[in-house]
Amino acid sequence: MTLTATHLLALAPPILVCITAIVVMLAIAWRRHHTSIAIVTVVGLNLALLSLIGVWRMAPLAAPMLAIDGLAIFAAVLILVAALACATLTHAYLAQYSGPREEFYLLLLCATAGGLVLSASTHLATLFFGLELLSIPLYGMLAYVYGERRSLEAGVKYLVLSATATTFLLFGMAVLYAETGHLDVAGLAARLGDELGAWGLAGAALMMMGLAFKLSVVPFHMWTPDVYQGGPGPAATFLATASKVAVFVVLLRLVITAPAFQDGWLHNVLAVLAILTMLVGNLLALTQSNLKRLLGYSSIAHFGYLLTALVIGDGLSVEASAVYLVTYLLATLGAFGVVTLLSSPYVSGTQGGEDTAALHHYRGLFWRRPYLTAVLTITLLSLAGIPFTAGFIGKFYIIALGVESQRWGLVGAVIVGSAIGLFYYLRVMVTLFLAEAGMQRRDAPENWAIQAGGVVVLGAAVLVVVLGIYPAPMIDWMHHIEVLVGG
Amino acid sequence: MNIAFYLSGLVAVLATLGVVTNTNPVHALLYLIVSLISVALVFFALGAPFAGALEVIVYAGAIMVLFVFVVMMLNLGHEGAAQERLWLRPRVWLGPAVLSAVLLVTLIATLWSGDDGRMIAGQTLTAKAVGSLLFGPWLLIVELAAMLLLAALVTASHVGRVPGPTPLESGDTQPRQHTQPRKEGA
């Protein structure tokens, strides 16, 4: 199947993002100007977001190697929103950085295009290229302030481990290709049938392993806290939001379209991984004294909850995981956004050094930065799944799904995990409201509220509350996705 | 042709084992080149001469050139020469040489028996077929690969910048030592 004009129109979002990346590159070559590059980036991402309205009318449509369906559009919205937030946060974070600042936007745009392609891929070739296009710019983003040892360490660590995971993924693809002679997911599913042979099982398991690494599912989670702590704030935000959403959506798509990925043995392994991920992620988060590390472990645990929906893999699971992804994305954007705004080492007065993300830096934050603290509190409450925040709706869906399919082990793990989670989220909140104890070394710029970054985190917090109280529009949207996917 | 395929496959596996187990990077590279050439022969046997030629030109060729560049830039001098002589013991070069000899014998035998137009299965994939496939249905992948290379290039050029981000403008910390590449020899 060759590309036609209709396909090109339907592929407008990734194409627009790529064009923006090239415009940004040429603009950098012509003249370096931080703010205008940021504006070009944001305009490009917004155009891509707007083009989704037109694409929505065309869906579902099968372009060569890509599917333009409800799931892809849903993922595209989440990824573009996350990328927009990251671009705005970057502008605040790098404002005083003395090295070249503009390349970050170029890398961000490339990674966004990769995420868009990955989440729409129905072919192993687009899956691989999307994943690499998502990962390779991330190495650069994580190591962006390479003068800092931590940042460089984060970049190199992610590079080496991610390359290892990619070899597993590629080997799995090669085994599946040798077994079936197909690279498109539909063909693979047809040839593999419902029962996997030894080779099919090996291939599927290897591919799962590669994707599980990117989602930092528990046996493959070692890199997460170090990378989140060391990388610059916006890069860690992108890694925790857009990157994980894209990889999860492609995993969801694989499970829906190829029942082979739900084969009995693999199914049990996934269930065990989900339980392990929830428990280990939450338990390890308990002892953390660094907010970025803590959020890293919390994101591990959240993907354990999401895997539950994947394991059950029937009926409501697309809707449940979509709702959960929205709530997770908003809360994580808000929490990481606040940390990024507060922790930038490149505000006036100081140059370089680590991000200030240690918990004691946040003691008594409420008495100095009431609004930012309110945002952080709301997003942490949402991550913990307290009612009247969006996180509660997501957790509710997951637990309802588990109860309906009578997977009591999984439901139990979700509940235990949430209980442990509540403890460390509350611990952070208590710290925020403790009375002042000495001077703060670094702080958010005074005018944070009029800066775009402040608007982003406020918007995320408002959405968390609104969707927590009135989730009907979100749920309606998820119904449409399910209709379009036909799963 | 079958024998050629399996022999070069075996050589590829053995040479790659040599890459993995060797502790000296230069010796590992030697094995790597043999491995790449044998993979090229596998491609020829499979009826994909274009891929085979690319393998030889891009991988084996480019890596050879890089290898030579590294040796030239290190420019070790007399001590280096002595070290080289010490390294050039038979057990270092014997392995790659034997593997390459196997490849050469396979190649000559294949040519001798007039097998050169055939392959073990399927049709010959010519450069034209590969090109029309790449810029037809796989156009999207080509464009994605282009973006991927752009991202990798930007990452490499940013992280590889010398000197690092020096806090020159604020001036409240010690300026970093610039690490200029030293000029050695003539």
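1. Helices here are DSSP runs of H or I of at least four residues, and strands are E runs of at least two, both numbered from the N terminus. One loop defined by such helices lies between α13 and α14 (317-343) of chain A, and G313(A) sits in it. Is G313(A) buried or exposed? G313(A) is buried, with 21 other C-beta atoms within 10 Å. The cut-offs are these: buried takes 20 or more other C-beta atoms within 10 Å of a residue's own, exposed 12 or fewer, partly exposed in between, with C-beta atoms placed from the backbone. From G313(A) to L78(A) is 235 residues in sequence and 21 Å in space, C-alpha to C-alpha.

2. This is a predicted model: local features need pLDDT of at least 70, side-chain atom pairs count only at pLDDT 80 or more, and totals for chains, interfaces and linings use all residues. Residues are numbered from 1 along each chain as its sequence is written, while chains are lettered from A and ligands numbered from 1 in the order in which they are written.

3. Confidence comes next. For the complex, the predictor gives an ipTM of 0.89 and a pTM of 0.87. The pLDDT is the predictor's confidence in each residue, from 0 to 100. Chain B averages 76, and 76% of its residues score at least 70. Within chain B, helix α4 (residues 77-87) has the lowest confidence, at a mean of 69, and helix α7 (residues 139-159) the highest, at 92. Over residues 164-186 of chain B the pLDDT is below 50, yet this stretch has 28 contacts in the model beyond near neighbours in sequence. Two residues are in contact if their C-beta atoms, placed from the backbone, lie within 7 Å. Where pLDDT is low, the predicted coordinates should not be read in detail.

4. Chain B has seven helices and zero strands. Of its 186 residues, 23% are buried. Take the contacts in chain B between residues at least 6 apart in sequence: 64% join residues at least 24 apart. The domain assignment gives domain 1 (1-97) and domain 2 (126-158) of chain B. Such bounds come from an automatic or database domain assignment. The C-alpha centres of these two domains of chain B lie 26 Å apart.

5. An unreviewed UniProt entry annotates "transmembrane region" over residues 28-46, 53-73, 93-112 and 133-156 of chain B. UniProt positions are in the numbering used here, feature names are shortened, and annotations may be inferred rather than shown by experiment. In the model, residues 93-112 of chain B are 100% helix and 0% strand, with end C-alpha atoms 28 Å apart. Residues 133-156 of chain B are 83% helix and 0% strand, and their end C-alpha atoms lie 30 Å apart.

6. Which residues touch the most other members of the largest nonpolar core? They are I79(A), A82(A), L108(A), C110(A), L133(A) and V245(A), in a core of 190 residues. A nonpolar core is a set of buried Ala, Val, Leu, Ile, Met, Phe, Trp, Tyr and Cys residues joined through C-beta atoms within 7 Å. Helix α4 (residues 70-93) of chain A gives this core its largest share, 19 residues. Leaving aside neighbours within four places in sequence, A82(A) is in contact with F238(A), T241(A), A242(A), V245(A), L329(A) and L333(A). Another core lies apart, with 22 residues, among them A4(B), V11(B), L30(B) and L32(B).

7. Helix α15(A) is mostly covered: twelve of its 15 residues are buried. The buried residues include L372(A), V375(A) and L383(A). Their cover includes α13, α14, α16, α17 and α18 of chain A. End to end, α15(A) reaches 21 Å, close to the 21 Å expected at 1.5 Å a residue. The expected span is 1.5 Å times one less than the number of residues. G385(A) follows α15(A), and its phi is positive, near 85°.

8. Helix α17(A) has 26 residues; its end C-alpha atoms are 37 Å apart, which agrees with the 38 Å it should span. Its buried residues, including L410(A), G417(A) and Y424(A), pack against α12 (264-285), α13 (291-312), α15 (370-384) and α16 of chain A.

9. Phi of S216(A) is positive, near 45°, and phi of Q406(A) is positive, near 60°. S216(A) is buried, with 26 other C-beta atoms within 10 Å, whereas Q406(A) counts as exposed, with 9 C-beta neighbours inside 10 Å.
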